[in-house]
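Welcome! Try each task before you read its solution.

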Amino acid sequence: MANKKLGSDNLAGWLFVSPALILLTLFVAIPFGSAFFFSLYNIKLNSDRPKTWMGIEQYRRILFDPDLSPIFYKSLLNNLQFALMVVPVQTSLAVLLAVMLNVKLRGISYFRVFYFMPVVFPMSLVAVIWSLLYSRDQLGIANTFLSKLSFGLISPVDWLGNPKIALISIAILSVWAGVGFQMVIILAGLQEIPSELYEAASIDKANKFQQFRHITIPGLRNTLIFVVIITTIFSLRLFDQVYILTQGGPLDSTSTVMFQAVTSAFGEGNVGRGSAFTVVFVLIIIVITVAQRFFLREQREVK
Amino acid sequence: MKKVTTAALAVAGLIGSIAIVPSAQAAPTEITVWAMCSEIGEVKAVKEQTDAFNEANSGSINATLVCKADMGKTLGATPAAELADVFEFDGETLAFQVYNRKLARLDGVVSAARLKDQLKSIKAQNTYSDKHVYAISQYEAGFSLLGNKAMLSAAGVTSVPKTWDKAWTAAQFTDVLKKLAAKAEGGKALDIKENYGIGGGWGGFAFTPIVASAGTQIVGANGKAVGALNSPAVAKAATTWASWKQYVDPNADDKAFTNKRVALSWCGHWCTPAYKTALGNDLIAIPFPDFGQGTKSGQGSHAWAMGAKTTGAKKAAAAKYLEFITTDKWILNTTSQNGAVPASSSALAKSPDHIAGGYLELYGKQLSVSCGGSKPTKACVTVPRTVSAAWPVINTQTSKAFAAIYGGANAQAELTKAAKAIDLDAKDNNNYK
């Protein structure tokens, strides 16, 4: 019977795991515990004033108060809508790009670099540049492009000021900025698929599309699961673009939970409320991630 | 021979040891100076004054200048013990900073004459409810419409108000915008600095004068925002303001006014240097439209303070720096580069742009009839931002409300939401006693 406690035979195991455990404790467990602690008080950011006890009042306000809870639920809804838009689109696009770039042409690495470059730029920089693209008058680059394309038929669109499309606009720029990251991971996954499978398939007269469906996608299964899960987690963290481009507007259509948490804590100095937002949100993310892992079980057997 | 050698060695050793002994002068007192570096003119001015200060005090004081991109966030995230000895900050948050014990008292530390010479509105901004002075300013805000004279007359707008008592009414202003938009190539007439992000704090400074113009303060005399901020007159005024969106240039490149796409710009003194370079003598200052109780404008600008935990020699050095930069010479050096109104009466009298006949004469005239902390009337113009530790919350909530109203939301509902949030925050913090 294996002895699970710390013994000389699994000491090495514990030692190997300890750096990760220490980092997780320092950067995840302790901050989360602190956030929960702060959420029980009324604390002003970096003030000498003593904190006052509020108990679960912050949570009651976020979840049940008729005046204050709508913004939380709207932000949560926006987060989920954003994730549902970005995850499938970004993953599909990444697969497409990776398949296209998985050829042995001379100079293909330049294309890989160009598609990866948006990932390197800080999101705030990307947002500032896209604010010029999304300007709502006819001088905005996107509007000029549409106008030229349609010979003047399409009038200028208020990309960031129209509550129906503001979130979609932000989703488009997020996909553009992030697809390179997924592409690189999937590219690595593609190169793991043995080329004999493709050779065998072409001998059997399978066309490219059939090869894609029956060899590439199953071969990428583990990679895709990983990519979907991390893209979901990243997309739920949406903040930079909203802070710079729309500040949660128009009509709260782009407000996200992280945006509410940061503006409460650092804009209004209300650390207790900001912490309560983050605690609730982390619990929701854990539920979503566990559910994803349950439904998308990776294949472990060696074929 | 031996005697002479010994004596020579002894003398040489004595001279040598005197040379090696460090000089009796102490090392210069090191102080840190944090400045708000957003406008190019201001960055240059603060560098010039710090270099001049170090030269004037070379050997005894050395001030190190650090530029901060977002001073509000920096102050919020830094505990008092780690603050710089001297720093510049947005005076609207003075009550909030004092409440959080970050500022040192200046009365008794900085020369009384210098503090007395500050403009009345600035003294009001920099004095806390405990009657002590916590900051000193180089300049006061100038805030009004800025207009392109040539474009206005080309569009047939004949009566352009030059003094605050002749301001356009909101209805007249709508007509002016219609005329300008009809003549302009892009069909736009006004720039309200939409690119600053109305919901991110700009709304709380730029458009809260509309609240005063509708006849009320943000927080009423009874200490509640509900009943003041969300009164029907304010909702009506905000709705009118939002209806002008069709004439507003989104200003993504921040060049709508300088590239002559629009004839009017809703911007403050920090815009005037670039505007003057682009428009020359065509640049004029016009009072904001009147929503019922007379034209209203904002007041209050950056201020300089001392860190609460600065003591001893550093404190004396910091006081010297503050006195140095508030001499007429250095005030005018800054205001000539950023267009703001000099904060001391003696400097104001020497500023050509701001005295009678100068193109920014309106700024000084508006400030001289400040509404102070009382309910706004037709006879006063500039309104201070609410002097209270609750200002960050008030600013965030009013900015959000204006941004939502601009985006088409119901003005009454948004203002009520904001007012309730402000009152709730005051209740949580025991009215910031």
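**Exercise 1. Which residue follows helix 18 of chain B, and is its phi positive or negative?**

Solution. Before starting, note that this is a predicted model, in which local features need pLDDT of at least 70 and side-chain atom pairs count only at pLDDT 80 or more, while totals for chains, interfaces and linings use all residues. Residues are numbered from 1 along each chain as its sequence is written, and chains are lettered from A and ligands numbered from 1 in the order in which they are written.
Now go to the end of the helix (helices are DSSP runs of H or I, at least four residues, numbered from the N terminus). After helix 18 of chain B comes B:Asn430, with a positive phi near 55 degrees.

**Exercise 2. Check the span of helix 18 of chain B.**

Solution. Step one: helix 18 of chain B has 18 residues, 411-428. Step two: the expected span is 1.5 Å times one less than the number of residues, so this helix should span 26 Å. Step three: its end C-alpha atoms are 26 Å apart, which agrees.

**Exercise 3. Find buried residues in helix 18 of chain B and what covers them.**

Solution. A residue is buried if 20 or more other C-beta atoms, placed from the backbone, lie within 10 Å of its own. Among the buried residues of this helix are B:Leu415, B:Ala418 and B:Ile422. Their cover includes helix 11 (232-243) and helix 17 (391-406) of chain B.

**Exercise 4. How many residues of chain A are in contact with chain B?**

Solution. Contact means that C-beta atoms, placed from the backbone, lie within 7 Å. By this rule, 27 residues of chain A meet 26 residues of chain B. Helix 12 of chain A gives the most to the chain A side, with three residues. By class, that side has six nonpolar, 14 polar and seven charged residues. Here Ala, Val, Leu, Ile, Met, Phe, Trp, Tyr, Cys and Pro count as nonpolar, Asp, Glu, Lys and Arg as charged, and the others, Gly among them, as polar.

Methods:
Contact = placed C-beta atoms within 7 Å. Helix = DSSP H or I, 4+ residues; strand = E, 2+ residues; numbered from the N terminus. Buried ≥ 20, exposed ≤ 12 C-beta atoms within 10 Å, placed from the backbone.
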